[in-house]
Every structure is written in structure tokens, then in C-alpha cells.
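Open the model in your viewer and follow along. Each stop says what to select next and what is there.

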Amino acid sequence: FGSLVAPPFGGILYEFAGKKVPFIVLACICLADGILLLTVIKPFSNRTRENMPVGTPIYKLIMDPYIAVVAGALTVCNIPLAFLEPTISNWMETTMHSSQWEMGITWLPAFFPHVLGVYLTVKLAAKHPHLQWFYGALGMVIIGASSCTVPACKTFGQLIAPLCGICFGIALVD
């Protein structure tokens, strides 16, 4: 949610309120979150921590082939997003001559297909649990096809569709 909403939020604030305002707003949000954490969540005492269950070590989890495949799929499906988020603004500026506002709002439309993908995947997985592997595989295909079409985009409007496809595919894999 943060990686999809933060760039448009920061871009809009930067464009209309200046360079300092997004950082001041973010600092206030972090301060409020810290205060809420200190008031709502009580720290563990040593005695409470002793009664907590001991988890499985990470090396044993990775040795399980099912967990390894899922971890690999999650890693691979998020690579296009990880590469695009920090670089797409510069690319849009040089190829599309986009404004700061357009570069900031680029990821906002992709938020909605992501939420839709999560909703559909949960509903489909509950109805057809034996096909969960298929939803992940379909998501990987959508991510791959969408990632291949990003370089062909020449306008802001054309760019929205593949970014929505990438986020929808990530939701299917997740």
C-alpha cells in the first residue's frame, strides 16, 4: 500500500506545496505512529517472552521445496516493481517530458488493480484451493507481459495500463 500510494502523494505535495512539505508531513505521520505504538502496544516483559513459542529457523524453512518455490516466486514477481519505482520518473521525464505531477501520480492508478487482484485471489483461492499455483503462474505471465510493454509506452496514458498489469499480477502471486 505504501509503495503504491506514497509516490503520488509525495508528487502531488511536491508539485503544489513545495519540496519541504512531503518530508514534514511524513515526519508528522511517523511521529504520530510512534506515539500510538508507545501508547497502544505494551512491551514484552522477560517473563512473557519466555512463554512465547520458539519458531522454526530460517534455514529449515528454506530447505522445504514448497516454501523455497513460493519465496522465489515472490522475489521474482517484485523485481520489475523494484526496478521501475526508482527509475520510472527519470525515464518519463526524458522520453515523455512528463511534469512532476504526472511522475508523482504514476503509481496511483495501479493501486486499484492491485486491490482488485488481492480480492479476486482470496475469493478464488477459497473457492478453488487446488488452483492456487495457477493464480501465481498467471500472475507471473501478466507481470512478464506488462513489463515487456513498458518501454514501448510513449505517453503517460499508455504507461498506466502496463503498470496496472504489473500490480495486478503481483497481487495474484502474493
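How do the axes of helix H7 and H9 cross, and within what distance do they come? Select residues 108-127 for H7; its axis comes within 7 Å of that of H9 and crosses at roughly 30°. (Axes are lines fitted to C-alpha atoms, for helices over the stretch in contact, and angles run from 0 to 180 degrees between N-to-C directions; helices are DSSP runs of H or I, at least four residues, numbered from the N terminus.) H7 and H9 are therefore roughly parallel (angles under 35 degrees).

This is a predicted model: local features need pLDDT of at least 70, side-chain atom pairs count only at pLDDT 80 or more, and totals for chains, interfaces and linings use all residues. Residues are numbered from 1 along each chain as its sequence is written, and side-chain values use heavy atoms, leaving out hydrogens and water.

Next, select H5, residues 65-95, and H9, residues 156-173. They pack at about 160°, with axes 9 Å apart. H5 and H9 are therefore roughly antiparallel (angles over 145 degrees).

Now show side chains. Leu84, Ile88 and Trp91 are among the H5 residues that meet H9, where the partners include Phe156, Leu159 and Leu163.

Zoom in on Leu159. Beyond neighbours within four places in sequence, Leu159 is in contact (heavy atoms within 4.5 Å) with Ile88, Trp91, Met92, Met96, Thr106, Val150 and Cys153.

Last stop: the largest nonpolar core, with 21 residues. (Such a core is a set of buried Ala, Val, Leu, Ile, Met, Phe, Trp, Tyr and Cys residues joined through side-chain atoms within 4.5 Å; buried means under 20% relative accessible area, with a 1.4 Å probe and protein chains only.) Select Leu84, Ile88, Met92, Trp107, Leu159 and Leu163, which touch the most other members. H9 gives the largest share, 8 residues.

Definitions and conventions. Helices (H or I, at least four residues) and strands (E, at least two) are DSSP runs, numbered from the N terminus. Angles under 35 degrees count as roughly parallel, over 145 as roughly antiparallel, 65 to 115 as roughly perpendicular and the rest as oblique. Buried means under 20% relative accessible area, exposed over 50%, partly exposed in between (1.4 Å probe, protein chains only).
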